[in-house]
Amino acid sequence: MGSVLNLFHIDRFQMGPYLCIASNDVPPAVSKRVTLFINFAPIIQVAKPLVGSPRTFNVKLKCEVESFPPSHNYWMKERDEMLLEGNKYTIENKNTGNKNTMILTIHDVTYEDYATYTCIASNIKGKADGSVRLYEIKLTTTTTTTTTTTTTTPSTTIANLILEITATSPSSSEPPSLMLPNVIGYQNADNARHSDWIHPSMAPEPLELETISGMGTTLEIRSYYHITIFFILVAIR
(Lines give C-alpha, C1' and ligand atoms only; values in the text may rest on other atoms or scores of the structure.)
Protein backbone atom coordinates (compact mmCIF):
# COMPACT_ATOMS: atom_id res chain seq x y z
CA MET A 1 0.00 0.00 0.00
CA GLY A 2 1.49 3.34 -0.96
CA SER A 3 0.90 7.09 -0.62
CA VAL A 4 0.37 9.43 -3.53
CA LEU A 5 1.07 13.20 -3.58
CA ASN A 6 -0.77 15.03 -6.29
CA LEU A 7 0.46 18.53 -7.35
CA PHE A 8 -1.68 20.78 -9.52
CA HIS A 9 -0.78 23.83 -11.57
CA ILE A 10 2.85 23.50 -10.65
CA ASP A 11 5.42 26.19 -11.45
CA ARG A 12 9.05 26.86 -10.66
CA PHE A 13 8.26 27.62 -7.02
CA GLN A 14 7.26 23.97 -6.44
CA MET A 15 10.58 22.75 -7.78
CA GLY A 16 12.84 21.07 -5.22
CA PRO A 17 13.30 17.93 -3.03
CA TYR A 18 10.34 16.09 -1.45
CA LEU A 19 10.73 13.54 1.36
CA CYS A 20 8.47 10.47 1.69
CA ILE A 21 8.63 8.96 5.22
CA ALA A 22 7.28 5.56 6.38
CA SER A 23 7.18 4.41 10.03
CA ASN A 24 5.34 1.98 12.37
CA ASP A 25 5.70 0.73 15.91
CA VAL A 26 8.92 -0.99 15.06
CA PRO A 27 11.77 1.46 14.63
CA PRO A 28 13.57 2.74 12.69
CA ALA A 29 11.52 4.83 10.28
CA VAL A 30 12.49 4.89 6.61
CA SER A 31 12.33 7.73 4.09
CA LYS A 32 12.72 8.33 0.42
CA ARG A 33 13.86 11.56 -1.14
CA VAL A 34 12.31 12.65 -4.41
CA THR A 35 13.48 15.73 -6.32
CA LEU A 36 11.06 17.52 -8.55
CA PHE A 37 12.41 19.53 -11.50
CA ILE A 38 10.31 22.01 -13.37
CA ASN A 39 11.31 23.09 -16.80
CA PHE A 40 10.71 26.76 -17.41
CA ALA A 41 11.97 29.47 -19.69
CA PRO A 42 14.70 31.84 -18.47
CA ILE A 43 13.70 34.83 -16.37
CA ILE A 44 16.06 37.80 -16.26
CA GLN A 45 16.10 40.58 -13.71
CA VAL A 46 18.28 43.69 -14.08
CA ALA A 47 18.94 45.45 -10.80
CA LYS A 48 20.49 48.57 -12.42
CA PRO A 49 19.26 49.22 -15.95
CA LEU A 50 21.16 52.54 -16.06
CA VAL A 51 24.83 52.63 -15.07
CA GLY A 52 27.18 55.61 -15.26
CA SER A 53 30.95 55.60 -15.46
CA PRO A 54 33.70 58.14 -16.24
CA ARG A 55 36.18 57.44 -19.00
CA THR A 56 39.27 55.27 -18.35
CA PHE A 57 37.44 53.48 -15.49
CA ASN A 58 36.43 49.80 -15.28
CA VAL A 59 32.71 49.15 -14.94
CA LYS A 60 30.66 46.02 -14.17
CA LEU A 61 27.19 45.28 -15.57
CA LYS A 62 25.04 42.57 -13.96
CA CYS A 63 21.99 40.44 -14.85
CA GLU A 64 20.26 37.82 -12.66
CA VAL A 65 19.04 34.77 -14.59
CA GLU A 66 16.78 31.99 -13.34
CA SER A 67 16.03 28.99 -15.58
CA PHE A 68 15.75 25.20 -15.85
CA PRO A 69 17.35 23.50 -17.53
CA PRO A 70 20.36 25.80 -17.25
CA SER A 71 20.40 28.43 -19.94
CA HIS A 72 23.02 29.49 -22.42
CA ASN A 73 24.02 33.05 -21.51
CA TYR A 74 25.84 35.74 -23.50
CA TRP A 75 26.16 39.51 -23.91
CA MET A 76 25.55 41.73 -26.91
CA LYS A 77 26.31 45.38 -27.59
CA GLU A 78 23.53 47.38 -29.26
CA ARG A 79 22.00 43.96 -30.13
CA ASP A 80 24.27 43.54 -33.13
CA GLU A 81 27.67 42.65 -31.68
CA MET A 82 28.28 39.59 -29.52
CA LEU A 83 30.89 40.25 -26.87
CA LEU A 84 33.69 37.78 -26.32
CA GLU A 85 36.17 37.33 -23.52
CA GLY A 86 39.37 39.30 -24.09
CA ASN A 87 41.41 42.33 -23.08
CA LYS A 88 38.42 44.64 -23.37
CA TYR A 89 35.75 42.46 -21.76
CA THR A 90 35.65 39.96 -18.92
CA ILE A 91 32.57 37.69 -18.78
CA GLU A 92 31.64 35.74 -15.64
CA ASN A 93 28.77 33.41 -14.70
CA LYS A 94 28.16 32.58 -11.06
CA ASN A 95 25.73 29.69 -10.50
CA THR A 96 23.68 29.15 -7.35
CA GLY A 97 21.21 26.29 -7.86
CA ASN A 98 18.98 27.22 -10.75
CA LYS A 99 20.03 30.87 -10.52
CA ASN A 100 22.87 32.45 -12.42
CA THR A 101 24.52 35.87 -12.14
CA MET A 102 25.89 37.25 -15.40
CA ILE A 103 28.69 39.80 -14.93
CA LEU A 104 30.22 41.83 -17.76
CA THR A 105 33.33 43.89 -16.93
CA ILE A 106 34.32 46.63 -19.38
CA HIS A 107 37.93 47.69 -19.00
CA ASP A 108 39.27 51.19 -19.62
CA VAL A 109 35.98 52.77 -20.68
CA THR A 110 36.21 55.03 -23.73
CA TYR A 111 33.68 57.13 -25.63
CA GLU A 112 32.81 54.18 -27.92
CA ASP A 113 31.83 52.06 -24.91
CA TYR A 114 28.86 54.23 -23.97
CA ALA A 115 26.02 52.16 -25.39
CA THR A 116 23.25 49.69 -24.53
CA TYR A 117 24.36 46.20 -23.46
CA THR A 118 21.97 43.25 -23.55
CA CYS A 119 22.26 40.10 -21.47
CA ILE A 120 20.56 37.13 -23.18
CA ALA A 121 19.64 33.71 -21.77
CA SER A 122 18.03 30.84 -23.68
CA ASN A 123 17.15 27.17 -23.07
CA ILE A 124 14.78 24.59 -24.53
CA LYS A 125 11.79 26.35 -23.00
CA GLY A 126 12.43 29.82 -24.27
CA LYS A 127 14.58 32.92 -24.33
CA ALA A 128 14.81 36.11 -22.31
CA ASP A 129 16.93 39.24 -22.27
CA GLY A 130 17.58 42.38 -20.23
CA SER A 131 19.24 45.67 -21.13
CA VAL A 132 21.72 47.89 -19.31
CA ARG A 133 22.48 51.36 -20.57
CA LEU A 134 26.00 52.66 -19.91
CA TYR A 135 26.30 56.44 -19.91
CA GLU A 136 29.15 58.84 -19.32
CA ILE A 137 29.81 60.60 -16.04
CA LYS A 138 31.90 63.69 -16.55
CA LEU A 139 34.30 64.41 -13.78
CA THR A 140 34.44 68.00 -12.64
CA THR A 141 37.95 69.42 -12.65
CA THR A 142 38.51 72.19 -10.15
CA THR A 143 41.16 74.68 -11.21
CA THR A 144 42.57 76.88 -8.52
CA THR A 145 43.73 80.20 -9.91
CA THR A 146 45.90 82.37 -7.73
CA THR A 147 45.33 86.02 -8.49
CA THR A 148 47.91 88.48 -7.32
CA THR A 149 46.35 91.82 -6.58
CA THR A 150 48.67 94.80 -6.58
CA THR A 151 47.40 97.54 -4.35
CA THR A 152 48.77 100.98 -5.09
CA THR A 153 49.02 102.97 -1.93
CA PRO A 154 48.76 106.68 -2.66
CA SER A 155 51.81 108.54 -1.59
CA THR A 156 51.22 110.96 1.21
CA THR A 157 53.45 113.94 1.58
CA ILE A 158 53.14 116.12 4.59
CA ALA A 159 53.92 119.70 3.81
CA ASN A 160 54.75 121.91 6.70
CA LEU A 161 53.67 125.46 6.34
CA ILE A 162 55.66 127.30 8.93
CA LEU A 163 54.81 130.76 9.99
CA GLU A 164 57.77 132.40 11.67
CA ILE A 165 57.19 135.53 13.70
CA THR A 166 60.14 137.47 15.02
CA ALA A 167 60.38 140.65 17.08
CA THR A 168 63.09 143.30 16.97
CA SER A 169 63.47 146.72 18.59
CA PRO A 170 63.43 149.81 16.38
CA SER A 171 66.42 152.14 16.09
CA SER A 172 64.31 155.24 16.71
CA SER A 173 62.66 156.08 20.03
CA GLU A 174 59.78 157.86 18.34
CA PRO A 175 56.85 155.48 17.89
CA PRO A 176 55.70 155.47 14.29
CA SER A 177 52.05 155.98 13.60
CA LEU A 178 51.00 152.64 12.17
CA MET A 179 48.49 149.89 12.79
CA LEU A 180 50.13 146.57 13.63
CA PRO A 181 48.19 143.38 13.07
CA ASN A 182 46.72 141.64 16.07
CA VAL A 183 48.96 138.86 17.21
CA ILE A 184 48.05 136.60 20.09
CA GLY A 185 49.54 138.05 23.25
CA TYR A 186 50.22 141.52 21.79
CA GLN A 187 48.42 144.84 21.25
CA ASN A 188 48.21 147.21 18.31
CA ALA A 189 50.07 150.52 18.04
CA ASP A 190 47.08 152.64 19.13
CA ASN A 191 47.27 151.25 22.60
CA ALA A 192 51.05 151.21 22.68
CA ARG A 193 51.28 154.67 24.28
CA HIS A 194 49.23 153.49 27.26
CA SER A 195 50.74 150.12 27.87
CA ASP A 196 54.06 148.84 29.02
CA TRP A 197 55.76 146.50 26.57
CA ILE A 198 58.33 143.99 27.49
CA HIS A 199 61.60 144.25 25.57
CA PRO A 200 62.57 142.21 23.73
CA SER A 201 59.20 140.79 22.83
CA MET A 202 59.03 137.00 22.57
CA ALA A 203 57.38 135.74 19.44
CA PRO A 204 55.06 132.76 19.82
CA GLU A 205 56.21 129.35 18.72
CA PRO A 206 56.10 128.76 14.96
CA LEU A 207 52.74 127.51 13.81
CA GLU A 208 52.93 124.15 12.03
CA LEU A 209 50.13 123.40 9.62
CA GLU A 210 49.92 119.92 8.10
CA THR A 211 48.42 119.21 4.70
CA ILE A 212 48.05 115.87 2.91
CA SER A 213 48.55 115.52 -0.82
CA GLY A 214 45.91 114.11 -3.19
CA MET A 215 45.57 110.44 -4.25
CA GLY A 216 48.24 109.02 -6.49
CA THR A 217 50.37 112.17 -6.68
CA THR A 218 53.46 113.23 -4.88
CA LEU A 219 53.36 116.77 -3.66
CA GLU A 220 55.96 118.42 -1.52
CA ILE A 221 55.44 121.94 -0.31
CA ARG A 222 58.00 123.72 1.74
CA SER A 223 57.03 127.35 2.18
CA TYR A 224 58.48 129.68 4.70
CA TYR A 225 56.88 133.00 5.35
CA HIS A 226 58.85 135.42 7.40
CA ILE A 227 56.81 138.13 8.93
CA THR A 228 58.78 140.61 10.90
CA ILE A 229 56.78 142.62 13.32
CA PHE A 230 58.47 145.52 14.83
CA PHE A 231 57.50 146.14 18.35
CA ILE A 232 58.30 149.50 19.66
CA LEU A 233 59.44 149.92 23.14
CA VAL A 234 57.49 152.77 24.53
CA ALA A 235 58.47 154.18 27.79
CA ILE A 236 55.89 156.23 29.35
CA ARG A 237 57.34 158.05 32.09
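User: What makes the contact between the side chains of Glu136 and Arg55 a salt bridge?

Analyst: A salt bridge needs a side-chain nitrogen of Lys or Arg within 4 Å of a carboxyl oxygen of Asp or Glu. For Glu136 and Arg55 the N to O distance is 3.0 Å, so the pair qualifies. This is a predicted model, in which local features need pLDDT of at least 70, side-chain atom pairs count only at pLDDT 80 or more, and totals for chains, interfaces and linings use all residues. Residues are numbered from 1 along each chain as its sequence is written, and side-chain values use heavy atoms, with hydrogens and water left out.

User: Why is Glu66 called buried?

Analyst: Buried means under 20% relative accessible area, exposed over 50%, and partly exposed in between (1.4 Å probe, protein chains only). Glu66 has 16% relative accessibility, so Glu66 counts as buried.

User: Which residue forms a salt bridge with Glu66, and what is the distance between the closest N and O atoms?

Analyst: The partner is Arg12, with the closest N and O atoms 2.7 Å apart. Glu66 is in strand E5 (residues 59-68) and Arg12 in the segment before strand E1 (16-22), 54 residues apart. Strands (E) are DSSP runs of at least two residues, numbered from the N terminus.

User: Why is Arg12 called partly exposed?

Analyst: Its relative accessible area is 24%, and the class follows because that value falls between the buried and exposed limits.

User: How many salt bridges does the structure hold?

Analyst: There are 5, including one in which the side chains of Arg79 and Asp129 meet at 3.1 Å, N to O.

Notes: Helices (H or I, at least four residues) and strands (E, at least two) are DSSP runs, numbered from the N terminus.
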